[in-house]
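Please open the structure in a viewer and keep the sequence at hand.

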Amino acid sequence: MTFTKTFIEKLSAAWTGNNSLLCVGLDPDIKKLPTHLQQQPDGIFVFCKAIIDATADLACAFKPQIAYFAALAAEDQLQAICAYLKTNYPHIPIILDAKRGDIGATAEQYAREAFERYGADAVTVNPYMGSDSIMPYMEWKEKGVIVLCRTSNPGGSDLQFLMHEGKPIYQHVAQLVAEKWNTNGQCGLVVGATFPNELAAVRAIVGDMPLLVPGIGAQGGDIAATVKAGQTINAGMMINSSRAILYAQANEAEDFAMAARRVALETRDTINRFRN
C-alpha cells in the first residue's frame, strides 16, 4: 500500500533533503526569456523546465505564478510544467501562487483548479472574504493552504496595518489561521521579507507554522534579518526568489539555466549561513 504525503510532510522532507529554505518562483515573463524562446510555441515550458532541472537540488519548493501563464493563454504549458515536476521531482512541493479569494461555491472550483487540474501541493489564497472562502480548500485534507498575511508590497500596509482591538489586521489574520482555520494542520502564511519585524511578530503568533516569504532578491529583502525573524527548529520558511534567479543570465552567450543555478546556489548558501 502506498501513502500520499501531505504538503507539510513533503515540505519537511525537502527542507532536510536539499538542506534548503529556498523556494524558486516560476514567473515566466515572455519579454525576458532568451530570444530564441520568445517565439517558440512551447518556449515557456522549455524555459521553466530548464530552470527546474538546474535548481531542483537547491530548492525546498517551486512556486509557479499563474498570472504569468494565464495572461499568455499558456495554462497548458503550466499543466505540463506541474506534470513534469510531479513525474521527475515528486519530492519537491509545488505551490500554485494564485492568491484566490471568493465565496464558497466559487472557491470550490478554484480548489479543483489548483489541486486537480494542476496537481499542486499547495495554493495561495486571500483571506479577506472570511472563513467560508477558505474552507473549500480545507476539504483537500493533504493539501496546503497558504494564506496572505503580511505581503511584501509597499501598498500592503493600506489594509494590513489597520488597527483593530489594539493589533494590526495582519496579526488578526495570523491568529485566525493558527487558532481556527488550520483544521488539517496544512496551513501556512505569506509574510514578506521586506518587513522583518512583522515577520517576527507573525512567527510569535503561529509557532511552527510554515511561512512563505517573498521579497528577497529583486525586491531587496534582507536575508539575514529574514532568517533571524522567521526560522524555527524545523526550518519553518520557504524563502522565495523569482526574478533574480530566472533572469540571472548576463548576456545571450551565457547559458540561462546555469546562470539561474549560480544565483540559486548562492542564495541557498547565503540563507543557510544565517540559520542556527
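How many aromatic pairs does the structure hold? The structure, which is a predicted model, holds six aromatic pairs.

Select Phe-45 and Tyr-84, which form an edge-to-face aromatic pair with 6.3 Å from centre to centre and 90 degrees between the planes. This pair links distant parts of the chain, for Phe-45 belongs to helix H3 and Tyr-84 to helix H5 (residues 75–88), 39 residues apart. Both Phe-45 and Tyr-84 are buried.

A plane angle over 60 degrees counts as edge-to-face. Tyr-84 has a relative accessible area of 17% and is buried; Tyr-89, with a relative accessible area of 17%, is buried as well.

**Second stop: an arginine over two rings**

Select Arg-150 together with Tyr-170 and Phe-195. The charged end of Arg-150 sits over the ring of Tyr-170, 5.8 Å from the ring centre. Arg-150 also lies over the face of Phe-195, where the distance to the ring centre is 3.9 Å.

How many disulfides does the structure hold? The structure holds zero disulfides. Select Cys-23 and Cys-60 to examine one case. The closest cysteine sulfur to that of Cys-23 is in Cys-60, at 5.9 Å, which is too far for a bond, because a disulfide requires sulfur atoms within 2.5 Å. Cys-23 counts as buried, at 0% relative accessibility.

Select Cys-48 next. Cys-48 is in no disulfide, and the nearest cysteine sulfur, in Cys-82, is 9.7 Å away. At 1% relative accessibility, Cys-48 is also counted as buried.

Select residues 256–273, which make up helix H13. This helix has 18 residues and reaches 26 Å from its first C-alpha to its last, close to the 26 Å expected. At the start of H13, select Asp-255: one of its side-chain oxygens comes within 3.1 Å of the backbone nitrogen of Ala-257.

Which elements do the buried residues of H13 pack against? They pack against strands S1 (22–26) and S10 (237–241), and against helices H2 (35–38), H3 (43–55), H11 (223–230) and H12 (243–246). Among the buried residues of H13 are Phe-256, Ala-259, Val-263, Thr-267 and Ile-271.

Select Ala-259, which is found in helix H13. Ala-259 is buried, with a relative accessible area of 0%. Residues up to four places away in sequence aside, Ala-259 touches Ala-248, Gln-249 and Glu-254.

Finally, select Thr-267, which lies in helix H13. Is Thr-267 buried or exposed? Thr-267 is buried, because its relative accessible area is 10%, and buried means under 20%. The side chain of Thr-267 reaches the backbone oxygen of Val-263 at 2.7 Å. Apart from neighbours within four places in sequence, Thr-267 is in contact with Leu-22, Ile-216 and Ile-223.

Key
Residues numbered from 1 in each chain as written. Predicted model: local features only at pLDDT ≥ 70, side-chain atom pairs only at ≥ 80, totals over all residues. Heavy atoms only, no water. Helix = DSSP H or I, 4+ residues; strand = E, 2+ residues; numbered from the N terminus. Expected span 1.5 Å × (residues − 1). Buried < 20%, exposed > 50% of the residue type's maximum accessible area, 1.4 Å probe, protein only. Contact = heavy atoms within 4.5 Å. Polar contact = N/O pair within 3.5 Å; in protein donor to acceptor, adjacent residues only side chain to side chain. Phe/Tyr/Trp six-rings, centres within 6.5 Å; stacked < 30°, edge-to-face > 60°. Lys NZ or Arg CZ within 6 Å of the ring centre and 35° of its normal.
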